[in-house]
Amino acid sequence: MTTRPDIETGINRQMPSDYDSNDTETESLLPTVRPEEDASLPFPTKSRTSFHDKACGQPRFGVLHITAAFALGTVACLAAQYAICGSNCFTGGQQDSRSAATYSHQNQDSVSALAPPWVGSTESHLFPPANPTNAFPSLFPSDVGYPGGTPTGVEAAVIATAPAYPLHTGQCSHELLRPASLYGEAKKEADTTKSKGKKWKFNLFRSWGNLSPWYSVDRGRFGLDSSPEVPDTCRVTGLHFLHRHGARYPTAWASYGGPAKFGTKLHKSPESWNASGDLDFLNGWTYKLGEEILTPFGRQQLYDLGISLRIKYGFLLQNFTEKNILPVFRTESQNRMLASAQNFAVGFFGYPLEGQYQQSIIIEQKGFNNTLAPYGACPNAHIIHKSERGRWYIKRWTEIYLKDARKRLQKQLHGIDLSIEETYIMQQLCPYETVALGYSKFCELFTEEEWEGFNYALDLQFWYGSAFGSPIARVQGIGYIQEMVARLTNTPIQTHNSSTNATLNDNPITFPLGQSLYVDATHEVVVLNIITALNLTTFAGSGPLPYTHIDHGRAFRVAELAPFATNVQFQLLECISTPGQQIRVIINDGVVPLTGIRGCPKQKDGMCPVDSFVAAQKEIIKEVDWLYDCHGDWTVPEGTEWETMIGSPPPNPQLRK
């Protein structure tokens, strides 16, 4: 007897005996590999059969034997079909013309077996066991002494000493596998090669918006021909490092789409549909994704990110040794956030972590002030028409770019209607399954143009929901800006009038000042809130994103700004050629121009005097009205009737009087 969680509730339910592995009926429905098709054997199928027959001395059968076996097999198949679906199996003409049985009878060239009863259901493998019988911690201490020699060396300083900067491809040594080809790719590659003489190029992993793994963006992508290396005549004196959590399972709620919905629909009535062609795999597919927590690949992303930062900026730890203090890194209480921070720390410090740093864990929950999850203290962030403006745009855009895909896939899904939203969900399943399971068949179902449409759909969602087109983006990012100003000026926050947490921020132990290295972990929406609040107008330069077509020249791309494990370096510098301390903003290794920030000059390496940067941020802090933006009774219409380019709501009418 095995268990399978209920698709609606997630509760493990005991499965009836017809799910047991030794049950004949279930085995007849499950896809199997015939012995002669075992790919592990070193010879082709035909030779294998012949060799096996001769080697094992199996007798050859005559026509009479074969005819009798065929007749008995036919009777057995009819009996099995009757046992599964009763008389309906034999009355196809009286059923809905779209039913799976009817389709199989009418289309002999694409016959498929009925979907098994468990298709589309949720699978989960629970580890570790709740009460392992061999758990004896006292017999397995983590430290038994006798460590051998432990001399240390000088800390790494790649950012300061190496002739080149180590870039990141986003695939973590290719643990994630892309499909052999996308839909129609082989033909397009042939056409492109024939007409233009060059090979077809496309990077699927960079076409998933916020679901993409982070990668180093191309030099100059954000408008500056500069790289993260320290500019000539300068040296790094400090770093404020902000990063997102790693790759995760889908969240519990989605404003549009949501991968679990597709499995629920298939599982609801598996006896009424089947699939063929490119969708044939659905006949035995189950929903294998969990919810919200990090995937193994997500854990590796943060571990690798920690190692990378230590190699680049390890020399900054000398500041802590000289002051005889430990670094304080911050995250918040959600499982994936804490796990991301811990995996980052293991990569940065090495195991064990005790005595090397202190991890501040801020509660993420409604009613708690938390700059790394500011929506918990902002009531307007929980009002859909204010916080989810992107939904209006994404629904209309998917109707355009997925129209042909829906028709194409519907032809291969018989007995069940496929909506545009469900077609979009099938696209979502590609990145989610890939970062969780390493590979996904769903990736093969769409063309490059459709993946570009998917990428743009997520740009629409986040532009209007979390960035410059959102009425509550700036107010949610402003608390972190207040904390940054406090750190840059070595001055405690004077007034807590946003998402800052007075209990933690006013304590020099939990919110230390004057340190050379700060590391904060947050969500992609908050990274975009902060980019908006900083007034990094480079990313808003192309204006509001249209939903009728792709703006190919847009500067705002979520795959570049807020993918899984995205990271922002606020690099502090002292330079011989430039007076005063300087600051640079580097997002996923791309240097960002700061000319949208008042007082910051147009500088080839993106540097701005810290004094000018701080003065501009203080002005922005004064402009933001937390009480009105987060608690005010204002409204905005859906769609293009109202737009913002600075992430703020309509002006407070009380201020005009």
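Q: What does the cover over the buried residues of helix H7 include?
A: In this predicted model, helix H7 spans residues 260-268, and its buried residues are Phe262, Gly263 and Leu266. They sit on the same side of H7, because the arc they cover around the axis is only 95 degrees. What covers these buried residues includes helix H14 (420-437).

Q: Is Ala457 buried or exposed?
A: Ala457 belongs to helix H15, which runs over residues 448-466. A residue counts as buried under 20% relative accessible area. Ala457 has 0% relative accessibility, so Ala457 is buried.

Q: Why is strand S8 largely enclosed by the rest of the structure?
A: One side of S8 carries Leu517, Val519 and Ala521, and the other carries Tyr518, Asp520 and Thr522. Residues on both of these faces are buried. Strand S8 (residues 517-522) is therefore largely enclosed, as the number of its residues that are buried is six of the six.

Q: Which residue stands opposite Tyr518 of S8?
A: Strand S3 covers residues 234-244 and runs parallel to S8. The two strands are joined by six bridges. Opposite Tyr518 in S8 stands His240.

Q: In S6, what is the bridge partner of Arg330?
A: Strand S5 (residues 328-332) has five of its five residues buried. Arg330 points one way from S5 along with Val328 and Glu332, while Phe329 and Thr331 point the other way. S5 pairs with S6 in the parallel sense over five bridges. In S6, the bridge partner of Arg330 is Ser360.

Q: Which elements give two or more residues to the lining of the largest cavity?
A: The structure holds three cavities of 30 Å³ or more, and the largest has about 70 Å³ of space. Of the 14 residues that line the largest cavity, Arg330, Ile362, Glu483, Leu504 and Asn505 are the closest to its centre. The elements that give two or more residues to this lining are strand S6 (358-362) and helix H17 (502-505).

Q: How many residues of the lining of the largest cavity are polar?
A: The lining residues can be sorted into nonpolar, polar and charged. Three are nonpolar and two are charged. The number of polar residues is nine.

Q: Which element gives the most to the lining of the second largest cavity?
A: The second largest cavity has a volume of about 50 Å³. Its lining includes Tyr165, Trp214, Phe241 and Asp589. At least two lining residues each come from helix H8 (296-313) and strand S9 (567-575). With four residues, the element that gives the most is H8.

Q: How many residues of the lining of the second largest cavity are nonpolar?
A: Among the residues of this lining are Leu305, Leu309, Lys312 and Gln569. The lining divides into three polar residues, two charged residues and a nonpolar group. The number of nonpolar residues is five.

Methods
Residues numbered from 1 in each chain as written. Predicted model: local features only at pLDDT ≥ 70, side-chain atom pairs only at ≥ 80, totals over all residues. Heavy atoms only, no water. Buried < 20%, exposed > 50% of the residue type's maximum accessible area, 1.4 Å probe, protein only. Arc of directions from axis to C-beta. Contact = heavy atoms within 4.5 Å. Pairing = 2+ DSSP bridges. 1 Å grid on protein atoms, 1.4 Å probe; cavity = no way out; pocket = protein on both sides within 12 Å on 5 of 7 lines; lining within 4 Å. Points joined across faces, edges and corners; volume = space filled by probe spheres on them. Nonpolar A, V, L, I, M, F, W, Y, C, P; charged D, E, K, R; others polar.
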